[in-house]
Amino acid sequence: MPKLNEHYQNLKENYLFAEIARRVAAYQEAHPDQKVIRLGIGDVTRPLGARAIEGLHAGVEAMGSADTFMGYGPEQGYAFLREAISAYYARNGVSVDAEDIFISDGAKSDTGNISELFDVDNVILIPDPVYPVYVDSNIMGGKQIAYMAGNAENGFLPMPDASVHADIIYLCSPNNPTGAVYNKEQLKVWVDYAIANEAVILFDSAYEAFITDPELPRSIYAVEGAKRCAIEFCSLSKTAGFTGTRCGYCVVPRELTFTASNGTVMSLHAMWNRRQSTKFNGTSYIVQKGAEAVFSEEGMRQCQENISYYQENARVIADTLTKLGIRFFGGVHSPYIWFECPDGMESWAFFDYLLSNAQVVGTPGAGFGENGRNYFRLTSFGSRENTIEAMQRFEKLLAAV
């Protein structure tokens with residue numbers, strides 16, 4: 001009989017979005033004539049930009065000729081894409097070496113898999129509320145998790161407590177689920193804390209393209225010293241609509257070195273390279289050609305058109321909440337709007353109430369942690385028509401409460 005990884009017993013029975021899908025499917029089966037509008041899962045609805053499509057077609061064409069056919073590629077990603085991403089950082093005022101960039105199928109995979117580099121005997125500091133993958137992937141590995149509270153009082157941007165030691169720190173900015181964004185001064189405090197504690201920051205910047213204020217950092221490497229303590233994750237899922245196409249990247253600076261128990265200096269860059277080379281055969285050449293096109297001047301312009309569309313949807317949602325007098329966060333530099341459930345309602349109860357009475361799907365805050373139990377998340381990734389209709393239903397329902 002095999003010995004199983006019994007840490008799986010410590011996970012919640014269902015992954016958050018699987019439970020949402022189950023409840024919605026049950027409702028639709030019982031009410032087949034009702035139109036359900038989904039503003040829950042953070043999945044995009046706008047098509048890929050024309051430049052990205054051209055890049056994908058170029059990749060497909062290359063695969064159809066013996067002269068240009070591509071087989072196994074480098075596990076780290078093709079140089080053409082790594083260099084394009086490095087140039088993108090440079091255009092945003094940040095220096096990142098192309099050799100430090102690793103291409104993957106998305107930030108979800110990377111933020112979960114990165115925990116393999118760290119021993120079980122580490123204190124993992126995770127904000128609450130938080131994207132569930134950070135928590136679940138560490139529970140699967142049997143790691144010790146400490147939580148830091150994000151709440152209305154700190155703007156859902158928890159800061160370090162000097163009396164608390166952490167070895168690994170997860171940060172997400174713009175934040176999923178709350179939409180809150182750290183400024184440069186706040187991130188400098190985190191970098192200084194990590195350096196003082198010889199800790200590593202795992203910085204998820206999947207939503208950086210939604211930041212419109214040039215004073216807000218789109219990368220942790222905009223902060224002095226960050227390359228000594230931080231790994232950054234990013235994704236084309238929200239930047240370019242690649243949720244179904246699948247492409248992301250992470251930056252593991254070669255400056256990130258630590259001394260092992262036997263005195264050997266170990267490089268996280270070298271370790272991640274070894275891990276990827278062993279367990280990952282690389283992102284599709286075709287997808288990487290599409291991603292390269294995204295980072296062209298025209299490709300980024302087309303991406304920004306879609307992002308602006310979603311930002312207008314966020315404004316529609318925010319205006320409705322403001323009209324109803326409901327306190328909310330996010331929706332400006334983020335596609336997510338995080339608001340207080342009416343009348344102190346618990347978030348899963350509000351989920352069922354909203355689905356049953358307005359046929360609108362959102363995400364219960366409790367799925368992101370204890371501090372989200374009375375909050376709710378809506379996304380701006382729907383169509384304009386559906387977003388407007390959903391808010392009309394929402395306003396009609398809540399105005400009567």
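**Overall picture**

Guide: The chain has 12 helices and 15 strands. Its radius of gyration is 21 Å, close to the 21 Å the globule rule gives for 401 residues, so the chain is as compact as a globular protein of that length. Keep in mind that this is a predicted model.

Visitor: What box do the C-alpha atoms fill?

Guide: Taken along the principal axes, roughly 65 × 55 × 55 Å.

Visitor: And how many of the residues count as buried?

Guide: Of the 401 residues, 54% are buried. The chain exposes about 17,700 Å², and carbon and sulfur atoms supply 50% of that area.

Visitor: What share of the contacts is between residues 24 or more positions apart?

Guide: Counting contacts with a separation of 6 or more, 73% come from residues 24 or more positions apart.

Visitor: Switching to charges: how far apart are the mean positions of the positive and negative ones?

Guide: They are 3 Å apart, with 33 positive and 48 negative charges in the chain.

Visitor: Which strands does S12 pair with?

Guide: One partner is S11, residues 328-330, which pairs with S12 in the antiparallel sense over 3 bridges. Another is S15, residues 375-379, which runs antiparallel to S12 and is joined to it by 5 bridges.

Visitor: What sits between S11 and S12?

Guide: The two strands form a hairpin with 5 residues between them. In that turn, Gly331 has a positive phi of about 85 degrees.

Visitor: Buried or exposed?

Guide: Buried: the relative accessible area of Arg275 is 12%, and the cut-off for buried is under 20%.

Visitor: What is Arg275 in contact with, leaving aside neighbours within four places in sequence?

Guide: The contacts of Arg275 are then Asn113, Glu116, Leu117 and Phe280.

Visitor: Great, that's what I was after. Thanks!

Definitions and conventions
Residues are numbered from 1 along each chain as its sequence is written. This is a predicted model: local features need pLDDT of at least 70, side-chain atom pairs count only at pLDDT 80 or more; totals for chains, interfaces and linings use all residues. Side-chain values use heavy atoms; hydrogens and water are left out. Helices (H or I, at least four residues) and strands (E, at least two) are DSSP runs, numbered from the N terminus. The radius of gyration is taken over C-alpha atoms; the globule rule is 2.2 Å times the number of residues to the power 0.38. Buried means under 20% relative accessible area, exposed over 50%, partly exposed in between (1.4 Å probe, protein chains only). Contact means heavy atoms within 4.5 Å. Accessible areas come from the Shrake-Rupley method with a 1.4 Å probe; for residues, only the protein chains shown count as cover. Lys and Arg count as positive and Asp and Glu as negative; His and the chain ends are not counted. The place of a charge is taken as NZ of Lys, CZ of Arg, CG of Asp or CD of Glu. Two strands pair if DSSP finds at least two bridges between them.
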